[in-house]
Amino acid sequence: MAAARLAYHHSYGDNRLRAAGRLGEILYEGGRGDEARDLLERSLAELAPEQEKVRSHRYRRHLAELLQTWHDDERRTPR
């Protein structure tokens with residue numbers, strides 16, 4: 001987790017989205033779902049680039065899919 005946090009801290013642009021996704025997965029799998037969701041939601045709140053050909057759109061879609069998966073998993077899990 002320390003390496004993922006460091007990678008996220010030093011990243012920008014497309015790499016920041018990728019680092020956020022990986023760190024979010026690690027946090028979620030480690031039982032820190034609220035922190036993981038917050039990280040992904042903050043990452044998705046940042047403005048997307050105008051160009052269609054950059055990879056940011058694909059990475060943003062991946063983050064949104066992760067959030068939806070986690071939401072669906074929690075809805076299925078009895079409390």
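**Close-up 1. W70 in helix 4.** W70 sits in helix 4 of this predicted model, where local features need pLDDT of at least 70, side-chain atom pairs count only at pLDDT 80 or more, and totals for chains, interfaces and linings use all residues. Residues are numbered from 1 along each chain as its sequence is written, and side-chain values use heavy atoms, with hydrogens and water left out. Helices here are DSSP runs (H or I, at least four residues), numbered from the N terminus. W70 is buried, with a relative accessible area of 4%; buried means under 20%, exposed over 50%, partly exposed in between (1.4 Å probe, protein chains only). Leaving out residues up to four places away in sequence, W70 touches G24, E25, Y28, A36, R37 and L40, a contact being heavy atoms within 4.5 Å. G33 is 37 residues from W70 in sequence, with 8.2 Å between the C-alpha atoms.

**Close-up 2. The Y28–W70 aromatic pair.** A search of the whole structure turns up one aromatic pair. Y28 and W70 are stacked, at 4.4 Å centre to centre and 5° between the planes. (Rings of Phe, Tyr and Trp, the last by its six-membered ring, pair if their centres lie within 6.5 Å; planes under 30 degrees apart count as stacked, over 60 as edge-to-face and the rest as tilted.) The pair links distant parts of the chain: Y28 belongs to helix 2 (residues 13–29) and W70 to helix 4 (residues 56–76), 42 residues apart.

**Close-up 3. The two sides of helix 4.** S56, Y59, R60, L63, L66, L67 and W70 are the buried residues of helix 4. Looking down the axis, these buried residues fall within an arc of 115°, so they line one face of helix 4; the arc is that of the directions from the helix axis to the C-beta atoms. They pack against helix 2 and helix 3 (33–45). Turned away from that buried side are the exposed residues R75 and R76.

**Close-up 4. The largest nonpolar core.** Of its 17 residues, Y8, L23, L39, L40 and W70 touch the most other members. (A nonpolar core is a set of buried Ala, Val, Leu, Ile, Met, Phe, Trp, Tyr and Cys residues joined through side-chain atoms within 4.5 Å.) Helix 1 (2–10), helix 2, helix 3 and helix 4 each give two or more residues to this core, and helix 2 gives the most, with six. L39 touches Y8, A20, L23, G24 and L27, not counting residues up to four places away in sequence.
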